Each structure stands twice: as structure tokens, then as C-alpha cells.
Amino acid sequence: MSNTKILLVEDDAGFGPLLRDFLIMHEYDVTLCRNGQEGWNAFQQESFELCILDVMMPIKDGFTLAEEIKQANPAMPVIFLTAKTLKEDLVKGYRIGADDYITKPFDSEILLLKIQAILKRGQETAPEKKQHYTIGNYTYRSDLRELTGANGSVQTLSPKEGDLLEMLCQYEGRVMPRSRALKEIWKNDDYFTGRSMDVYITKLRKYLAEDPRIEIRNIHSEGFIMQVKEA
């Protein structure tokens, strides 16, 4: 993780430098800003791989800054730091697109592990896309979003159904990361989009039901895996 650039926006004059120095000690390249406006200016001028934002800040709060960052770069990972534990604040943060939400005070070692997990997830690359996929007795043509059964029946999928099926095909036999699917297809990774994806998974299972060898399984907290069992 050496040289990974992190934007840290924290207005506490004592805590901010301590956290910055702790992260630098673990070989991260950290830019510390004291309020949301300074953070936004820094984000526009430099390239970062992760943003750690305090929620309660002067001039511009962390939620507002995160919204601006996500509008500029929807894939930018964001961790919120907060002393507040209200459900409304947690929901608001995740709706904006937070990757994690850490309540002060916290164990700095836990923060390190969370940073490493988020960065590792972001480095994963999806397999190459194709125009045609074979799924048991089905074929799927991604450019037309057409799913053809063994009897020749054709089902035209919606854009999200098609994108989700294509991603499952790309990861066939492996776990399709839940967070990657949500961010690439729904452009957001929160509770509500997660429930929406579950509905689409159910639809795809129905579309593929004529071939009993095809299975789409939920891997708890990780994602989904599509497998075609041997006859």
C-alpha cells in the first residue's frame, strides 16, 4: 500500500495531525485539510485513492463534501469519521455512498484494516466483457440484452438485468463482489440499492429456471456466485 494517497479532512487540531502521522507511519501519503472547503480544493488539485472525512466541520460539513466528491468521481472510496451515532446520520452517510462509517473514539488498528480492505476491493479487476455468453442451456447476447433458451425462446432483459447477468457470467464459478456490482450498475452501495439488487437476482433465477443445473447462490456479506453443475 506504499504511496497510496489519502485525503484526510478533520477539523480537530489535535486529532487530525495525530491521525495523519499515524497513517504516514504506515506508508500512506496523506494530505490533511482542516475543513470541507479546504478538502474540496485539495480534491480538485490532486489525485487521491481514498478519502477520510470528519462529518462535523466548519464552512462545509463532511456530508456535503462527500456528495461533491461522489459527483466528481462516483468510484472514490469514502470513510466517514464521526462522534455521532444517530441512525439518521448513518443512513445519510451510506446513501451518499460511504464505504464505511467509523465512530469516535476508535481503534486506529481497526481503521488500518478497513482502509486495506477498501483499497484491495478497489484494485480488483473484472474479467473482459464478451458479446456472447453460454450459461448451461442458455446463451446470452450482451449487446442486445437477449437471453435465448434451449427451445429458442428469447427474453429481452432490462438494462440492469442485462448488466447484472453479464457480470455474473464474467465471474462464473467465482464470487461476484456485491460492492462492485452495486457501484458499477447502481452507482451506489447502500442498504436500499442492495435490496434492489436482491430483487434482480431473484428475477434472473426465474429466467434461468428451465435449466436446473444453473445455480445463483448468495455468499453472505461477499456477493453472489453463479455455477452450472455437471449433468
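Which helix lies across β10, β11 and β12? In this predicted model, helix α6, made of residues 159–170, lies across these strands and runs at about 70° to β12.

## The sheet of β10, β11 and β12

The three strands form an open sheet in the order β10-β12-β11, and their pairing is antiparallel. The edges are taken by β10 (176–177) and β11 (214–219); each has a single partner strand, so one side of each is left without a neighbour in the sheet. Strands of a sheet pair through backbone hydrogen bonds, either parallel or antiparallel.

Between β11 and β12 (residues 223–228), the antiparallel pairing runs over six bridges. In one of these strands, β12, residue G223 is the bridge partner of I219.

The side chain of N35 reaches the backbone nitrogen of Q37 at a distance of 3.0 Å. Leaving aside residues up to four places away in sequence, N35 touches V9, M57, P58 and I59.

## Cysteines

How many disulfides does the structure hold? The number is zero. C33 is accordingly in no disulfide, and the nearest cysteine sulfur, which belongs to C51, is 9.7 Å away. A disulfide would need the two sulfur atoms within 2.5 Å.

C33 is buried, with a relative accessible area of 5%. C169 is buried too, at 8%.

Methods:
Residues numbered from 1 in each chain as written. Predicted model: local features only at pLDDT ≥ 70, side-chain atom pairs only at ≥ 80, totals over all residues. Heavy atoms only, no water. Polar contact = N/O pair within 3.5 Å; in protein donor to acceptor, adjacent residues only side chain to side chain. Contact = heavy atoms within 4.5 Å. Pairing = 2+ DSSP bridges. Helix = DSSP H or I, 4+ residues; strand = E, 2+ residues; numbered from the N terminus. Axes fitted to C-alpha atoms, helices over the stretch in contact; angles between N-to-C directions. Buried < 20%, exposed > 50% of the residue type's maximum accessible area, 1.4 Å probe, protein only.
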